[in-house]
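Let's take a friendly walk through this model together.

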Amino acid sequence: MTGDPDPSRSGPLPKVTPFLLRRADDLCARRLDHEFRGEPGNADPVHRGRLRDAFLAAALDAHERDAVLGPWRVAGRRTPEENAALEQAIHWYRHLFGDRSVRVVELGLDRPTEAAGFTARLGGWVDLVVVGDDGVHELRQFDLWAGDAPDDVLTHPAVRSALVRIAARLGDPATESMLVSWTDLLRGVRREARCGAAGLAAARAAVHAGVDLVVARTAHPGAEPGADCATCRFRKGCPEFPGAKTVRAGRRDPLPGVLTVTPTALESWTR
Ligand code: SF4
């Protein structure tokens with residue numbers, strides 16, 4: 001299932017994200033299938049997206065003004081917690097990347113894109129691609145939520161997917177010579193590695209294997225209830241939730257369409 005896309009097809013290819021590739025072997029098959037085919041479901045707020053979008057917009061502006069070390073313009077309304085995280089992220093970005101003279105490269109990867117040899121579009125966040133004065137490109141992936149730092153940045157699912165997509169735009173030689181970093185911008189932890197031919201080949205192999213697994217598991221998309229039901233957007237029509245409806249909410253709405261209440265969640269509200 002990983003040959004060239006069928007030119008006679010109608011409509012977009014199904015889509016995988018780093019999350020789907022990471023959970024291809026154990027996510028409920030019905031949920032996996034709905035995500036893969038892009039079925040509409042409950043719209044949930046993307047809190048991580050709010051913070052990421054605000055940070056990247058400010059970073060792009062700072063690079064455009066050639067003022068990474070100067071004051072940053074940060075537009076938009078956020079919660080006090082988001083503002084505190086943003087302030088920390090800007091501090092660490094300036095500290096860790098301020099000494100490198102680069103310009104931002106726009107590759108149009110803010111939506112899922114096709115790559116030769118893959119029968120699914122590849123999505124997920126590609127944070128910042130820049131090129132230095134020496135002509136060497138950099139991929140800068142960020143974590144603004146204090147996630148675990150990968151020991152090897154080139155094995156991170158989001159990095160692998162991003163490298164495959166970047167190679168479809170820049171070509172293999174430029175991608176192989178890329179400096180790739182993953183940075184926890186809340187704690188100032190940066191991991192870096194040169195992509196290399198082996199890194200790109202491993203990324204392609206891993207994404208291929210993930211897509212193949214998603215295709216195989218979605219051939220029989222039966223409901224498999226479990227812990228993932230709590231965050232599932234596709235309860236409508238699911239035999240486990242008879243009578244469930246689809247609830248819409250704006251991407252920027254801080255409240256979810258469906259609020260899942262658990263004893264732990266209720267207890268934390270009263271603390
Ligand atoms: S609600 Fe649960 S069982 Fe139904 S599709 Fe979602 S994850 Fe699967």
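Over which residues does pLDDT stay under 50? That stretch is residues 1–5, for which the model has 16 contacts beyond four places in sequence. Here pLDDT is the predictor's confidence in each residue, from 0 to 100, and two residues are in contact if their C-beta atoms, placed from the backbone, lie within 7 Å. Where pLDDT is low, the predicted coordinates should not be read in detail. For the protein chain, the mean pLDDT is 89, with 86% of its residues at 70 or more.

This is a predicted model, in which local features need pLDDT of at least 70 and side-chain atom pairs count only at pLDDT 80 or more, while totals for chains, interfaces and linings use all residues. Residues are numbered from 1 along each chain as its sequence is written.

Now to the helices, which are DSSP runs (H or I, at least four residues) numbered from the N terminus. Axes are lines fitted to C-alpha atoms over the stretch in contact, and angles run from 0 to 180 degrees between N-to-C directions.

| Helix pair | Angle | Axis separation |
|---|---|---|
| α3 (residues 47–64) and α4 (residues 80–97) | about 40° | 10 Å |
| α5 (residues 157–170) and α7 (residues 196–217) | about 110° | 8 Å |

Helices α5 and α7 are therefore roughly perpendicular (65 to 115 degrees). Their contact includes Leu 163 and Val 164 of α5 and Leu 200 and Ala 203 of α7. By class, this contact has 7 nonpolar, 1 polar and 2 charged residues. Ala, Val, Leu, Ile, Met, Phe, Trp, Tyr, Cys and Pro count as nonpolar, Asp, Glu, Lys and Arg as charged, and the others, Gly among them, as polar.

In the other pair, residues of α3 including Leu 51 and Phe 55 meet residues of α4 including Leu 86 and Ile 90. The α3–α4 contact divides into 10 nonpolar, no polar and 2 charged residues.

Finally, the ligand has 14 residues around it, and Cys 28, Ala 223, Cys 229, Cys 232 and Cys 238 come nearest (a residue is near if its C-beta atom, placed from the backbone, lies within 6 Å). This shell has 8 nonpolar, no polar and 6 charged residues.

Notes
Helices (H or I, at least four residues) and strands (E, at least two) are DSSP runs, numbered from the N terminus. Angles under 35 degrees count as roughly parallel, over 145 as roughly antiparallel, 65 to 115 as roughly perpendicular and the rest as oblique.
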